[in-house]
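Hi,

Here is the structure I promised to pass on. Have a look at it first, and my notes follow below.

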Amino acid sequence: MKKFHPLLCFLFLAVLLAACSSAAPTSTTAPTEATPTESIVPSPMASTAPDDVYLTGLIAEKTEDDLFSQSILVARGTIHDTGSVIQTAAPSGLSINFTNYDFTISQIYRGSAEGSVTVRVEGGAVGGRNEIYEPTADLKDGKEYLLFLFQPNHGGNYYVDDDAYYVLGLNQGTFEPADGGYASQSGAFLSEETLL
């Protein structure tokens, strides 16, 4: 039986690690993820185009009961992209970009509003930064949606003193017409009877 020599084993592992580290890629093509607390360093092209910042996270699951009880306006209507993006600052000094949409209401299931309201969604390009959130409410110009909306109270982290609405649960509160009802962007289904 041959004897195991620890020095030879150590040398073999060192050579193997050196070979693996030199073969490792030095750059990645995957999008850069950033949290709101990271500082973003503009690239040399920042003067012509904003830097893309990808922000991902988990949000609390909203049940059907949560959507109805926590929203102040449940309405069906058509989205119009206004091209308006704002940047708000929290008391902590962090900032977040929001895109404003005009939501022309055709039917109200809960709450009251007339004509159209402003719906504000996380993300958009302003201040040298294009923030892309996942998950979020994915709203397209000219499309019809059923939205569960709320307005934040004073003292919130990113409160803006206006009458804009925000989508409750992001993609969970964003529904599109489907056979016999509405399907949310997160996979839930609501029938017309449930809404009525």
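**What I found**

Residues 24 or more positions apart make up 62% of the contacts in the protein that have a separation of 6 or more, a contact being heavy atoms within 4.5 Å. Before you read on, note that this is a predicted model, where local features need pLDDT of at least 70 and side-chain atom pairs count only at pLDDT 80 or more, while totals for chains, interfaces and linings use all residues. Residues are numbered from 1 along each chain as its sequence is written, and side-chain values use heavy atoms, with hydrogens and water left out.

On the overall layout: the protein has three helices and eleven strands. Both are DSSP runs numbered from the N terminus, helices being H or I with at least four residues and strands E with at least two. Going from the N terminus, the order is α-β-α-β-β-β-β-β-β-β-β-β-β-α. Of its 196 residues, 31% are buried (buried is under 20% relative accessible area, exposed over 50%, partly exposed in between, with a 1.4 Å probe and protein chains only). The accessible surface is about 12,100 Å², and carbon and sulfur atoms hold 56% of that; areas come from the Shrake-Rupley method with a 1.4 Å probe, and for residues only the protein chains shown count as cover.

Now the empty space. Rolling a probe the size of a water molecule over the atoms shows where it is left. The search runs on a 1 Å grid over the protein atoms alone: a cavity is a set of points where a 1.4 Å probe fits but cannot get out, a pocket is an open set with protein on both sides within 12 Å along at least five of seven lines, and lining residues have an atom within 4 Å of a point. Grid points are joined across faces, edges and corners, and a volume is the space filled by probe spheres set on the points.

The second largest pocket comes to about 190 Å³. It has 15 lining residues, and Glu 122, Gly 123, Gly 124, Glu 131 and Thr 136 are the closest to its centre. β3 (95–110), β4 (116–122) and β6 (129–134) each give at least two residues to this lining, with β6 providing the largest share, four residues. Sorted by class, the lining has six nonpolar, five polar and four charged residues (Ala, Val, Leu, Ile, Met, Phe, Trp, Tyr, Cys and Pro count as nonpolar, Asp, Glu, Lys and Arg as charged, and the others, Gly among them, as polar).

β4 gives the most to it, with three residues. By class that makes five nonpolar, one polar and two charged residues.

A few local things to check on screen. Glu 134 and Pro 135 are joined by a cis peptide bond with omega of about 5 degrees; Pro 135 is in the loop between β6 and β7 (144–150).

Lastly, Val 53 in strand β1 (residues 51–56) is buried too, at 5% relative accessibility. Its C-alpha atom is 9.4 Å from that of Gly 123, 70 residues away along the chain.

Cheers
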